[in-house]
Amino acid sequence: MPQIDQVMISYASQIVSLLVVLAIIYFGIAKAMLPKVQNTIDARAKRVTDDLAAAEAAHQRADEIEETYRNQMNDARSDANGVTTEAKANAAAENDKRVAAADEKLDAKLAEAEVALATARAAALTEIENVAVEATQDIVAKVSGGKVAKADASKAVKEVMANG
Amino acid sequence: MAEGGEIDPMHQFQVEPLVGAWDPAGGSIVFTNSTMWMLIALAAIWLFMWGGMKRELVPGRWQLAVEGLTGFINNMVSTSIGPKGKKYIPFVFTIFMFILFANMLGLVPIGVVGGHPFTVTSHFVITGTMAVMSFSIVLAVGFWKHKLKFFTLFIPHGTPLPMVPLIFMIELISFMVRPFSLALRLFIAMTAGHILLKVFGSFIVQGMNAGAEYGLLVSLPSFLLIVFISALELLVCAIQAYVFALLTTLYINDAENLH
């Protein structure tokens with residue numbers, strides 16, 4: 001086995017070259033290059049964390065904006081409802097007023113018409129009375145040949161008409 | 001590898017000077033194939049990390065691979081030790097990457113073009129040195145942070161008083177065995193895997209040399225087996241690197257957070 005046979009002859013050579021090579025790896029690579037690789041990894045990890053945090057913040061901001069928007073929408077909707085109700089109430093009041101005014105006009109017209117009617121009826125009655133008086137005078141003159149005074153005839157007619 | 005007949009599965013572990021020669025008295029420091037493969041591992045690790053240095057916000061495949069591996073080591077250290085473990089990441093990274101790349105490079109199939117990959121981590125001198133480094137860090141951190149209170153590591157909570165000396169001895173021994181288990185586990189896993197691959201490889205060659213019927217009977221099953229063993233070895237490469245690094249962090253955790 002060369003490992004055992006050659007120990008005494010080769011140990012110094014092997015150990016020295018091993019130590020030299022290990023020292024070069026330690027100081028030249030592990031101490032010089034390794035931290036740079038590690039820094040790159042750390043920087044990337046940090047960047048990813050930061051980006052995730054930024055995304056999270058943006059997400060929250062978007063949520064807030066949406067919340068505000070929704071609140072504004074709700075406010076606007078309730079405002080619009082108020083305006084509509086008010087407008088409805090106004091319109092109803094206006095309507096009532098107009099109807100009342102129209103009613104009043106109609107009432108006035110009705111009263112006028114009634115007065116006119118009453119006058120006409122009174123006029124008609126007087127006419128009928130006069131006619132009846134004249135008729136009575138004529139009937140009395142023809143039947144009895146007598147003359148009846150207009151006042152008497154009128155009195156008799158009124159009596160009869162009052163009885164219906 | 002001997003020409004023709006016998007194939008020596010142990011030859012692949014031979015450390016050969018590429019420049020100069022061994023001093024027979026021992027202790028000589030020369031540029032060997034082991035040194036070369038360590039440098040190749042170093043270059044491969046540097047290249048791999050360099051590809052991940054583009055520092056783009058959206059990583060490409062290469063950068064993602066580098067970041068995945070560093071994140072994996074980071075995770076392992078921070079879950080085992082906690083926030084105080086940050087200062088050990090470079091060390092854990094160093095041994096993990098070195099073991100991983102050395103293991104993997106031992107499996108590169110350059111044998112087909114006549115090359116000989118050498119598995120650096122298949123030598124217990126190497127794994128032992130790294131285990132001693134890990135163990136020294138544990139001892140240094142433990143005694144520097146906790147002074148003599150570090151010895152309470154060997155007395156678990158709620159141990160009845162009469163049991164304390166016995167438990168202390170057992171825990172002390174298991175603690176002292178740690179560097180050996182750490183070193184031997186990696187060394188044996190790599191050595192055994194490569195011997196297995198080489199043995200089945202020699203079966204294929206010898207079966208084909210022995211004739212068509214032997215080729216069909218021995219070489220073909222051996223070839224199928226070697227495909228699966230190669231896949232398994234790739235897994236073992238990663239697992240052994242992971243185990244070494246994980247145990248190192250766990251041992252450091254003992255020293256850093258005493259109980």
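Over all chains, a search of the whole structure finds nine salt bridges, a salt bridge being a side-chain nitrogen of Lys or Arg within 4 Å of a carboxyl oxygen of Asp or Glu. The model is predicted, so that local features need pLDDT of at least 70 and side-chain atom pairs count only at pLDDT 80 or more, whereas totals for chains, interfaces and linings use all residues. Residues are numbered from 1 along each chain as its sequence is written, chains are lettered from A and ligands numbered from 1 in the order in which they are written, and side-chain values use heavy atoms, with hydrogens and water left out.

**Between chains**
- B:Glu67 and A:Arg44 form a salt bridge at 2.8 Å, N to O.
- This pair joins two chains, because B:Glu67 lies in helix α2 (residues 61-80) of chain B and A:Arg44 in helix α3 (residues 34-144) of chain A; helices are DSSP runs of H or I with at least four residues, numbered from the N terminus.
- Both B:Glu67 and A:Arg44 are buried, where buried means under 20% relative accessible area, exposed over 50% and partly exposed in between (1.4 Å probe, protein chains only).

**Within chain A**
- A:Asp50 and A:Lys46 form a salt bridge whose closest N and O atoms are 3.0 Å apart, and the two residues, four apart in helix α3 of chain A, are separated by about one helical turn.
- A:Asp50 is partly exposed at 39% relative accessibility, while A:Lys46 is exposed at 53%.

**Within chain B**
- B:Asp254 and B:Arg178 meet in a salt bridge at 2.8 Å, N to O.
- The pair links distant parts of the chain, 76 residues apart, with B:Asp254 in helix α6 (residues 212-256) and B:Arg178 in helix α5 (residues 164-210) of chain B.
- B:Arg178 is buried, with a relative accessible area of 17%.
- B:Lys87, B:Lys145 and B:Glu256 are joined into one network by salt bridges that share partners.
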